[in-house]
Amino acid sequence: MRFRFTQQFESTLQQALDFLLDGDAPDAASQLADIVLEHLPALLREDPRIGRDFMLRRPATAQARALHEQVRVRLGAAGEVREYLLGDYLVLYAIEGDTVYAISIRHHRQSGFAL
(Lines give C-alpha, C1' and ligand atoms only; values in the text may rest on other atoms or scores of the structure.)
Protein backbone atom coordinates (compact mmCIF):
# COMPACT_ATOMS: atom_id res chain seq x y z
CA MET A 1 0.00 0.00 0.00
CA ARG A 2 1.06 3.55 -0.67
CA PHE A 3 0.40 6.35 1.80
CA ARG A 4 -0.28 10.03 1.08
CA PHE A 5 -1.03 13.05 3.24
CA THR A 6 -3.62 15.37 1.65
CA GLN A 7 -3.25 19.15 1.85
CA GLN A 8 -6.28 19.20 4.14
CA PHE A 9 -4.61 16.76 6.51
CA GLU A 10 -1.43 18.83 6.57
CA SER A 11 -3.52 21.92 7.35
CA THR A 12 -5.44 20.29 10.22
CA LEU A 13 -2.22 18.81 11.61
CA GLN A 14 -0.59 22.24 11.56
CA GLN A 15 -3.60 23.68 13.41
CA ALA A 16 -3.25 21.00 16.10
CA LEU A 17 0.47 21.64 16.41
CA ASP A 18 -0.03 25.41 16.58
CA PHE A 19 -2.64 24.95 19.31
CA LEU A 20 -0.20 22.89 21.38
CA LEU A 21 2.67 25.31 20.81
CA ASP A 22 0.48 28.32 21.66
CA GLY A 23 -0.57 26.49 24.82
CA ASP A 24 3.06 26.16 25.84
CA ALA A 25 3.16 22.41 25.23
CA PRO A 26 6.15 21.93 22.90
CA ASP A 27 6.76 18.37 24.09
CA ALA A 28 3.18 17.38 23.24
CA ALA A 29 3.52 19.04 19.83
CA SER A 30 6.75 17.18 19.13
CA GLN A 31 5.22 13.89 20.23
CA LEU A 32 2.15 14.43 18.02
CA ALA A 33 4.34 15.27 15.01
CA ASP A 34 6.48 12.17 15.55
CA ILE A 35 3.50 9.86 15.88
CA VAL A 36 1.67 11.28 12.87
CA LEU A 37 4.61 11.68 10.52
CA GLU A 38 6.51 8.51 11.36
CA HIS A 39 4.20 5.92 12.89
CA LEU A 40 0.84 6.61 11.23
CA PRO A 41 2.01 5.99 7.63
CA ALA A 42 3.65 2.68 8.58
CA LEU A 43 0.61 1.57 10.58
CA LEU A 44 -1.90 2.33 7.83
CA ARG A 45 0.27 0.86 5.07
CA GLU A 46 0.54 -2.38 7.05
CA ASP A 47 -3.11 -2.61 8.11
CA PRO A 48 -5.24 -0.05 6.22
CA ARG A 49 -8.54 -1.32 7.59
CA ILE A 50 -7.49 -0.97 11.23
CA GLY A 51 -9.85 1.99 11.69
CA ARG A 52 -13.60 1.75 11.89
CA ASP A 53 -15.80 2.41 8.88
CA PHE A 54 -16.70 6.12 8.99
CA MET A 55 -19.67 5.62 6.69
CA LEU A 56 -21.44 3.33 9.21
CA ARG A 57 -21.94 6.31 11.52
CA ARG A 58 -25.42 7.68 11.91
CA PRO A 59 -24.99 11.47 11.93
CA ALA A 60 -27.19 13.24 14.46
CA THR A 61 -27.06 16.83 13.20
CA ALA A 62 -27.87 18.39 9.85
CA GLN A 63 -24.27 19.56 9.54
CA ALA A 64 -22.94 16.05 10.20
CA ARG A 65 -25.41 14.53 7.72
CA ALA A 66 -24.27 17.01 5.07
CA LEU A 67 -20.63 16.16 5.72
CA HIS A 68 -21.42 12.46 5.60
CA GLU A 69 -23.14 12.87 2.24
CA GLN A 70 -20.27 15.03 0.93
CA VAL A 71 -17.80 12.29 1.80
CA ARG A 72 -19.99 9.63 0.17
CA VAL A 73 -20.29 11.62 -3.07
CA ARG A 74 -16.61 12.56 -3.26
CA LEU A 75 -15.43 9.03 -2.62
CA GLY A 76 -17.86 7.17 -4.84
CA ALA A 77 -18.40 3.42 -4.70
CA ALA A 78 -14.77 2.44 -5.28
CA GLY A 79 -13.26 3.70 -2.04
CA GLU A 80 -13.86 3.66 1.67
CA VAL A 81 -13.43 6.14 4.50
CA ARG A 82 -12.24 5.05 7.92
CA GLU A 83 -11.35 6.72 11.20
CA TYR A 84 -8.64 5.73 13.61
CA LEU A 85 -8.10 6.85 17.19
CA LEU A 86 -4.47 7.90 17.58
CA GLY A 87 -4.01 8.84 21.22
CA ASP A 88 -6.22 11.90 21.82
CA TYR A 89 -6.71 12.44 18.08
CA LEU A 90 -9.03 11.01 15.47
CA VAL A 91 -7.59 10.50 12.01
CA LEU A 92 -9.91 10.35 9.02
CA TYR A 93 -8.47 8.51 6.04
CA ALA A 94 -9.60 7.05 2.73
CA ILE A 95 -8.57 3.89 0.95
CA GLU A 96 -8.71 3.96 -2.83
CA GLY A 97 -7.17 1.06 -4.68
CA ASP A 98 -3.65 0.54 -3.35
CA THR A 99 -3.34 3.99 -1.72
CA VAL A 100 -4.26 5.28 1.73
CA TYR A 101 -4.96 9.03 1.93
CA ALA A 102 -4.81 10.78 5.30
CA ILE A 103 -7.66 13.31 5.03
CA SER A 104 -8.00 15.08 8.38
CA ILE A 105 -7.02 14.97 12.03
CA ARG A 106 -8.79 16.42 15.04
CA HIS A 107 -8.69 16.20 18.81
CA HIS A 108 -11.32 13.78 20.08
CA ARG A 109 -13.11 16.67 21.87
CA GLN A 110 -13.45 18.74 18.70
CA SER A 111 -16.70 18.47 16.80
CA GLY A 112 -16.55 17.26 13.22
CA PHE A 113 -13.76 16.91 10.72
CA ALA A 114 -12.50 19.68 8.46
CA LEU A 115 -12.66 18.60 4.85
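Predicted model: local features only at pLDDT ≥ 70, side-chain atom pairs only at ≥ 80, totals over all residues.
Trainee: What share of the residues is buried?
Mentor: Of the 115 residues in the protein chain, 38% are buried.

Trainee: Let's do the fold. How many helices and strands are there?
Mentor: The protein chain has three helices and five strands. Their order along the sequence is β-α-α-β-α-β-β-β. The radius of gyration is 14 Å, close to the 13 Å from the globule rule for 115 residues, so the protein chain is as compact as a globular protein of that length.

Trainee: What box do the C-alpha atoms fill?
Mentor: Roughly 40 × 35 × 20 Å, along the principal axes.

Trainee: What part of the contacts comes from residues 24 or more positions apart?
Mentor: They account for 53% of the contacts with a separation of 6 or more.

Trainee: Switching to rings. How many aromatic pairs are there?
Mentor: Two aromatic pairs. One of them is Phe3 with Phe5, an edge-to-face pair with 4.9 Å from centre to centre and 85 degrees between the planes.

Trainee: Why is that called edge-to-face?
Mentor: Because planes over 60 degrees apart count as edge-to-face, and the Phe3 and Phe5 planes are at 85 degrees.

Trainee: Which residues do the ring pairs link into a cluster?
Mentor: Phe3, Phe5 and Phe9.

Trainee: Is Phe3 buried or exposed?
Mentor: Phe3 is buried, with a relative accessibility of 9%. Phe5 has 27%, so Phe5 counts as partly exposed.

Trainee: Why does 27% not make Phe5 buried?
Mentor: Because buried means under 20% relative accessible area, and partly exposed runs from there to the exposed class, which is over 50%. Phe5 at 27% falls in between.

Trainee: Now Ala29. Where does Ala29 lie?
Mentor: In helix α2, which spans residues 26–46. Ala29 counts as buried, at 6% relative accessibility.

Trainee: Which residues does Ala29 touch?
Mentor: Leaving out residues up to four places away in sequence, Ala29 touches Leu17, Leu20 and Leu21. Those numbers fall in α1, given as 7–22.

Trainee: What sits in the loop between α1 and α2?
Mentor: Asp24 is found there. The phi of Asp24 is near 60 degrees, a positive value in a residue other than glycine.

Trainee: Buried or exposed, that Asp24?
Mentor: Asp24 is exposed, at 68% relative accessibility.

Trainee: Next, where is Leu56?
Mentor: Leu56 is in the loop between β2, residues 52–53, and α3. Leu56 is exposed, with a relative accessible area of 63%.

Trainee: How far is Leu56 from Met1 in space?
Mentor: The distance is 24 Å, C-alpha to C-alpha, and the two are 55 residues apart in sequence.

Trainee: Last one, Arg74. Which helix is Arg74 in?
Mentor: Helix α3, residues 62–75. Arg74 has a relative accessible area of 58%, and counts as exposed. The C-alpha atoms of Arg74 and Gln14 are separated by 24 Å, with the two residues 60 apart along the chain.

Definitions and conventions
Residues numbered from 1 in each chain as written. Heavy atoms only, no water. Helix = DSSP H or I, 4+ residues; strand = E, 2+ residues; numbered from the N terminus. Rg over C-alpha atoms; globule rule 2.2 N^0.38 Å. Buried < 20%, exposed > 50% of the residue type's maximum accessible area, 1.4 Å probe, protein only. Contact = heavy atoms within 4.5 Å. Phe/Tyr/Trp six-rings, centres within 6.5 Å; stacked < 30°, edge-to-face > 60°.
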